[in-house]
Number of protein chains: 2
Amino acid sequence: MQLGVEAKLTLDCGVELGPVPMAYCTYGTLNAERSNAVLVCHALTMDQYVADTHPITGKPGWWEDIVGPGKPLDTNRFFVICSNVLGGCLGTLGPTETNPATGKPYALDFPVITIADMVRAQVMLIDHLGIDQLFCVIGGSMGAMQVLEWASRYKDRVFSAIPIAGAARHTAQNIAFHEVGRQAIMADPDWHGGDYASHGVAPKRGLSVARMTAHITYLSEAALHQKFGRNLQDREMPSFGFDADFQVESYLRHQGSTFVDRFDANSYLYITRAMDYFDLAAEHGGSLPQAFDGTETRFCIISFTSDWLFPTSENRAIVHALNAVAANVSFVEIESDQGHDAFLLDVPALRNVLSGFINGCAEHHGLGRS
Amino acid sequence: MQLGVEAKLTLDCGVELGPVPMAYCTYGTLNAERSNAVLVCHALTMDQYVADTHPITGKPGWWEDIVGPGKPLDTNRFFVICSNVLGGCLGTLGPTETNPATGKPYALDFPVITIADMVRAQVMLIDHLGIDQLFCVIGGSMGAMQVLEWASRYKDRVFSAIPIAGAARHTAQNIAFHEVGRQAIMADPDWHGGDYASHGVAPKRGLSVARMTAHITYLSEAALHQKFGRNLQDREMPSFGFDADFQVESYLRHQGSTFVDRFDANSYLYITRAMDYFDLAAEHGGSLPQAFDGTETRFCIISFTSDWLFPTSENRAIVHALNAVAANVSFVEIESDQGHDAFLLDVPALRNVLSGFINGCAEHHGLGRS
């Protein structure tokens with residue numbers, strides 16, 4: 001579904017943007033009290049197709065283990081919303097959309113956005129849907145950043161918040177990996193300073209390299225070892241060449257080449273930049289506890305043992321800040337050897353933690369027991 | 001110094017190569033007994049200029065903390081040799097050198113080489129220098145791979161061996177990062193299928209991205225955090241653009257852009273490939289202890305706590321294999337937050353460990369005490 005939000009959005013960079021088309025999916029039914037709405041915030045390369053077949057890849061939704069009838073986010077009980085983020089490339093306003101001033105895609109004329117800007121756009125959508133308070137805001141990775149932003153800026157509009165595999169700031173190493181990806185895209189001559197649409201091309205090679213690099217960071221060393229080890233791809237002996245001799249090479253090349261069919265290179269630049277800029281403490285005078293001062297939201301912070309991109313230490317820093325303001329917070333570090341991607345995979349412990357926390361919150365919120 | 005090794009080299013891939021120019025530096029004086037020679041094996045992007053000013057960058061040698069008068073590898077006592085590896089780009093035979101068959105640079109006609117091939121070329125050089133047994137073979141990272149290869153294939157020619165921050169095999173994650181770098185190079189249109197020299201260009205953008213990616217893996221998250229954190233580069237506020245806002249971005253771009261002036265892209269492909277192929281156990285029927293069976297070499301294995309590229313676990317696997325054949329082995333894990341690069345930095349504990357071990361070995365080898 002696509003909605004044109006009529007109101008103007010004033011971004012952190014000072015630019016006024018609007019009207020803002022927002023593409024989103026919903027699942028389940030909003031109850032009469034409008035008290036059962038759940039906002040799912042998606043990660044960098046995900047989209048609004050949480051539990052729908054992806055229109056380009058034809059693959060199942062990215063969180064069908066979590067969202068659906070009888071699932072932790074039970075669509076028989078909850079009204080689940082997910083919108084493509086501002087800056088995205090699947091229907092919400094972003095660099096691929098037409099700039100009314102020129103009649104051409106925005107490309108690099110699109111203003112640089114922040115996580116706070118993404119959330120501002122979501123707030124407009126939630127307003128439009130007539131929802132005062134969200135029962136839950138939930139998301140992993142960049143989704144967790146949005147959850148934290150919601151919980152700190154719109155405290156009375158969030159009953160419960162579940163940031164998964166997240167961080168209150170992007171670290172130097174995170175920024176470094178993103179910068180490599182951006183440099184790979186911008187080094188591709190087919191990028192044309194961002195104006196590739198006018199040239200009828202796309203910087204597929206650069207975007208593919210960016211995706212390959214990022215993909216390594218989403219997996220743990222153990223996961224790579226278990227999945228591939230040093231196994232060769234369809235051969236008994238190394239080829240003594242630069243073909244994909246090893247399975248891990250073949251896998252990465254596949255990840256890169258399929259990604260470019262479903263994702264836009266400029267969107268990748270803008271969204272990675274938004275993540276790099278994210279620093280919740282800095283937004284609140286340098287104090288992370290200050291970001292949550294006075295909160296009555298119920299928090300559940302979740303990390304994974306083998307996640308080295310958004311490690312437990314970063315998640316624990318959020319817990320400490322919440323503790324410092326006596327917030328209602330649960331913290332679970334889930335044992336997993338899948339790395340950062342664990343939040344997207346079928347991890348039974350994740351499902352159990354989510355079910356338990358969400359059911360408890362639902363009861364407190366007058367939504368009954370499951 | 002450059003030497004043309006007249007003998008032919010039969011490579012693992014079956015190709016016969018030769019004559020083989022070998023570029024090398026030496027420090028100190030070979031004693032009358034020819035018993036005080038130390039071979040330093042260099043890492044991926046290093047070279048023979050261990051303690052000499054680099055001819056292109058004008059920077060000091062890469063291991064001047066370790067090699068020199070009064071240093072752990074005391075050039076008043078030892079004759080230190082370091083040769084540019086086979087496949088390199090600073091004088092030893094590699095893809096930049098002229099292919100006698102065509103009169104043009106080898107480029108991708110250069111055969112794919114292995115760590116064992118690099119060591120075969122070094123053996124020829126050591127033979128030429130009239131040295132039967134090396135007092136010590138030492139090196140970090142890819143240098144450590146060469147040390148292990150020497151110690152397993154030429155047991156009676158190595159009195160002591162010091163592999164630092166190494167591994168007996170390249171892991172799936174290591175291969176993955178190398179593959180991303182290679183893809184970045186090969187995606188650069190200026191690469192021209194490796195034949196860029198004929199076009200008077202070089203794939204600088206691709207090589208720069210490869211270097212940036214690799215450089216992140218050489219540092220620990222803690223080192224990046226301490227060095228840069230989220231500090232901005234020459235500005236008070238983010239620019240809301242794609243300039244290098246953060247110091248870490250500026251630093252990485254600098255690393256990338258300076259690297260391309262001193263290193264060749266095809267060499268980078270060949271040398272990373274050699275590392276990927278390295279699997280010492282596989283060379284010995286799948287048994288790592290078998291690689292060291294019957295060894296009388298004295299080993300000192302060194303790892304660094306924050307090295308996530310060649311972690312302590314990989315180094316410990318070497319120790320376990322040596323223990324299994326009752327070898328003479330010391331193992332030290334040095335506390336450092338510098339990551340993999342610690343072996344190149346001024347780490348006092350590294351100097352102390354090296355001095356202690358080397359002096360002990362020298363005494364046992366009849367070279368006296370320092």
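Which elements do the buried residues of α6(A) pack against? The model is a predicted one, and the answer draws on both chains: α4 and α5 of chain A, together with α3 (172-187) of chain B.

## The helix α6 of chain A

The helix α6(A) has 16 residues, and at 1.5 Å a residue these should span 22 Å. The end C-alpha atoms of α6(A) are 23 Å apart, which agrees with that expectation.

Six names make up the buried set of this helix: A:V248, A:E249, A:Y251, A:L252, A:G256 and A:F259. Seen down the axis of α6(A), these buried residues fall within an arc of 165°, so they line one face of the helix.

## Where the chains touch

Between the two chains, 43 residues of chain A are in contact with 43 residues of chain B. On the chain A side, the elements that give two or more residues are α3 (172-187), α4 (204-218), α5 (221-227), α6 (247-262) and α7 (265-277). Of these, α3(A) gives the most, with eleven residues.

By residue type, the side of chain A that touches chain B divides into 24 nonpolar, eight polar and eleven charged residues.

## How the two copies are related

The same surface serves both copies, as 100% of the contact residues of chain A recur in chain B.

Conventions:
Residues numbered from 1 in each chain as written. Chains lettered and ligands numbered in written order. Predicted model: local features only at pLDDT ≥ 70, side-chain atom pairs only at ≥ 80, totals over all residues. Contact = placed C-beta atoms within 7 Å. Helix = DSSP H or I, 4+ residues; strand = E, 2+ residues; numbered from the N terminus. Nonpolar A, V, L, I, M, F, W, Y, C, P; charged D, E, K, R; others polar. Expected span 1.5 Å × (residues − 1). Buried ≥ 20, exposed ≤ 12 C-beta atoms within 10 Å, placed from the backbone. Arc of directions from axis to C-beta.
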